[in-house]
Amino acid sequence: MARKVTTKRKLIVTAIAWTLGILIFFPILWTFLTSFKSEADAIASPPQFLFFHWTTENYAEVQSRSNYLGHFMNSVIISFGSTLIGLIIAIPAAWAMAFSPTKRTKDVLMWMLSTKMMPPVGALIPIYLMFRNFGLLDTRTGLVIVLTLINLPIIVWMLYTYFKEIPGEILEAARMDGASLAKEIIYVLTPMAVPGIASTLLLNIILAWNEAFWTLNLTASKAAPLTAFIASYSSPEGLFYAKLSAASTMAIAPILILGWFSQKQLVRGLTFGAVK
């Protein structure tokens, strides 16, 4: 019999949850409010939270100074492209590790995870030189390749975890019915793991969208995504906080909207297999 939760306990848990939620969301809220301030109000001391002169001139200036749509399209192509290619590679790899493991499978998984522990700057020079030699600097193709390789360990690990929760007997039944390996993966395994695949897709789109180190070092103008768009408002003369906040709000708004509308699917996928 489930333990009865008292009203007091519910109120305490709710208050704690709201407090944590507000603390996490506050930087985004502050950035949003600062984007409607003048530069003088943005650096005012003490800070002005709501009672200031609201203006949209920062957004107008950002739009006139920068090609927002161009940066936006670069971010869409780079994040979605790298994630989709990663899924195409990772689904068969995760299937092999989950349903046909060898004595080296765990070692391979740990090796893949260990690559995420290396500081990116440690691989910058060789990757930069290879990109220069192959003509991939400041190209969408180059960024798609590097972000696919960066996020591939996470994709494989997540899919491997989800696939392990699927009973192997179902795949064996498909083989007995004459399904080939490709049909087994495409028509049996993939539909059963849709929640896990969807959450993996969404999480890695967010990671690729927010990637700044590689996008700033491997692009200049043609393939620059929204991370470079934000960085362009930091100059040697100083930070233009209001304009920087407007650019940041315009950059994070699409991914916030995507996360808001797909939160149910994301939570469902992240908890896939946690409750049996």
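**Reading the pockets**

Reply: Helix H1 (7-34) and helix H13 (241-261) each supply at least two residues of the second largest pocket's lining. Helices (H or I, at least four residues) and strands (E, at least two) are DSSP runs, numbered from the N terminus. This is a predicted model, where local features need pLDDT of at least 70, side-chain atom pairs count only at pLDDT 80 or more, and totals for chains, interfaces and linings use all residues. Residues are numbered from 1 along each chain as its sequence is written, and side-chain values use heavy atoms, with hydrogens and water left out.

Me: What is a pocket, and which residues line the second largest pocket?

Reply: On a 1 Å grid over the protein atoms alone, a pocket is an open set of points where a 1.4 Å probe fits, with protein on both sides within 12 Å along at least five of seven lines; lining residues have an atom within 4 Å of a point. Here, the second largest pocket is lined by Ile24, Phe25, Ile28, Ile206, Ile255, Leu256, Gly259, Trp260 and Gln263. H13 gives the largest share, four residues.

Me: Where does the second largest pocket lie?

Reply: Domain bounds come from an automatic or database domain assignment. Domain 1 (7-59) and domain 2 (65-272) both contribute to the lining, so the second largest pocket lies between them.

Me: What volume does the largest pocket have?

Reply: A volume is the space filled by probe spheres set on the points, which are joined across faces, edges and corners. For the largest pocket that is about 580 Å³. H7 provides the largest share of the lining of the largest pocket, six residues.
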